[in-house]
Amino acid sequence: MDDRVPPEVRRTATEIDTMEIRGAATIADAAARALRTQATESDAADAEAFRAELRAAARALYETRPTAVSLPNALRYVLRGMSSTTVEGLRQNVVESADEFCARLERAQADLGEIGANRLRDGDTIMTHCHSTDALACVEAAVEQGKHVEAVVKETRPRNQGHITAKRLDELGVPVTLIVDSAARRYLNDVDHVLVGADAVAADGSVVNKIGTSGLAVNARDRGTPIMVAAQTLKLHPGTMTGHTVDIEMRDTAEVVDDETLAELGNPTVKNPAFDVTPPRYVDAIVTERGQFPPESIVILMRELFGEGTSEPWAEPSSRAEP
Ligand SMILES: O=C(COP(=O)(O)O)[C@H](O)[C@H](O)COP(=O)(O)O
């Protein structure tokens, strides 16, 4: 990591890398806060050095996990605010942009929750995969509207994020049935919606989310169960408008099987992709804070928000397309 990156930013980067900080929205929030910390603690001698420090911090944060587009979107949002020509002015720019970003994220999630809740009826049962704060915002809003909602929660191997979902739903007073991932098809008959989040939504409406989402969506379509994706616009991937694909993170195989067991098995090859891509034809609605969209029309919203594309979050302001 670049020497100019201070310990606090390194710590956030490590926590994102090791998944102590995880989930697309939470990662974005932590990254914006880390840039804020960098700005407040910087002793850069001049504006150029300050900008270089912030870009180095953005790069260190960006290089942690490749799939959640909320991360570069957050970094770009904060760095874009650096308009001053003095160190003190730049410091204030970054603090203001980071605070504004975090407030907007929180508000977007609450607004999205209200919209998603309208799709849920009193007495409905949802099936979840992984742990998504955007998805849970919909359930929380539905519960606040006085609706009784129940949940079938997939455990989500190998990291068992379903356990976090189960706990959060219990805190909301939602009765939970926890199942192993391979039992999903069996229980789809009992649910009214599949409700998941997203790490990235591509211009064609494909949804990138925790590995297993696409299989769940195909099964749900087969059973006629609607699939709802809760994804604030921070999850829209501007690069996919210009032909870029979403990088799918491959994680350490030790998350799947420990070394001792692996040796007992004769050391087979192990693969551990963290995410997969659900084609738009398996998704019924993408719920954002700007309303709900059929996946095929999400590109219209992307163009409105991002223009025709963006560059890397640490690019010089002059070479960066304005969102
Ligand atoms: O796939 C995951 C998390 O994967 P991981 O646990 O590997 O980070 C979540 O569904 C999305 O990030 C959306 O979450 P949120 O709605 O909170 O942004």
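Counting salt bridges (a side-chain nitrogen of Lys or Arg within 4 Å of a carboxyl oxygen of Asp or Glu) gives 17 of them. This is a predicted model, so local features need pLDDT of at least 70 and side-chain atom pairs count only at pLDDT 80 or more, while totals for chains, interfaces and linings use all residues. Residues are numbered from 1 along each chain as its sequence is written, and side-chain values use heavy atoms, with hydrogens and water left out.

One of those salt bridges links Glu-88 to Arg-91, with the closest N and O atoms 2.8 Å apart. Both residues belong to helix 5 (residues 87-119) and sit three residues apart, about one turn of the helix. Helices here are DSSP runs of H or I with at least four residues, strands are runs of E with at least two, and both are numbered from the N terminus. Side chains of opposite charge can pair when their charged atoms come close.

Next come the polar contacts, meaning pairs of N or O atoms within 3.5 Å. An N or O atom in the side chain of Ser-132 is 2.7 Å from a ligand oxygen. Asp-199 brings a polar side-chain atom to 2.8 Å from an oxygen of the ligand, and a polar backbone atom of Asp-134 is 3.0 Å from a ligand oxygen.

Finally, look at the loop between strand 2 (150-154) and helix 7 (161-171), where Pro-158 is found. A cis peptide bond joins Arg-157 to Pro-158, with omega about 0°. Thr-156 is in the loop between strand 2 and helix 7 too, and has a positive phi of about 70° although it is not a glycine. Most residues other than glycine have a negative phi, and most peptide bonds are trans.

Conventions: Polar contact = N/O pair within 3.5 Å; in protein donor to acceptor, adjacent residues only side chain to side chain.
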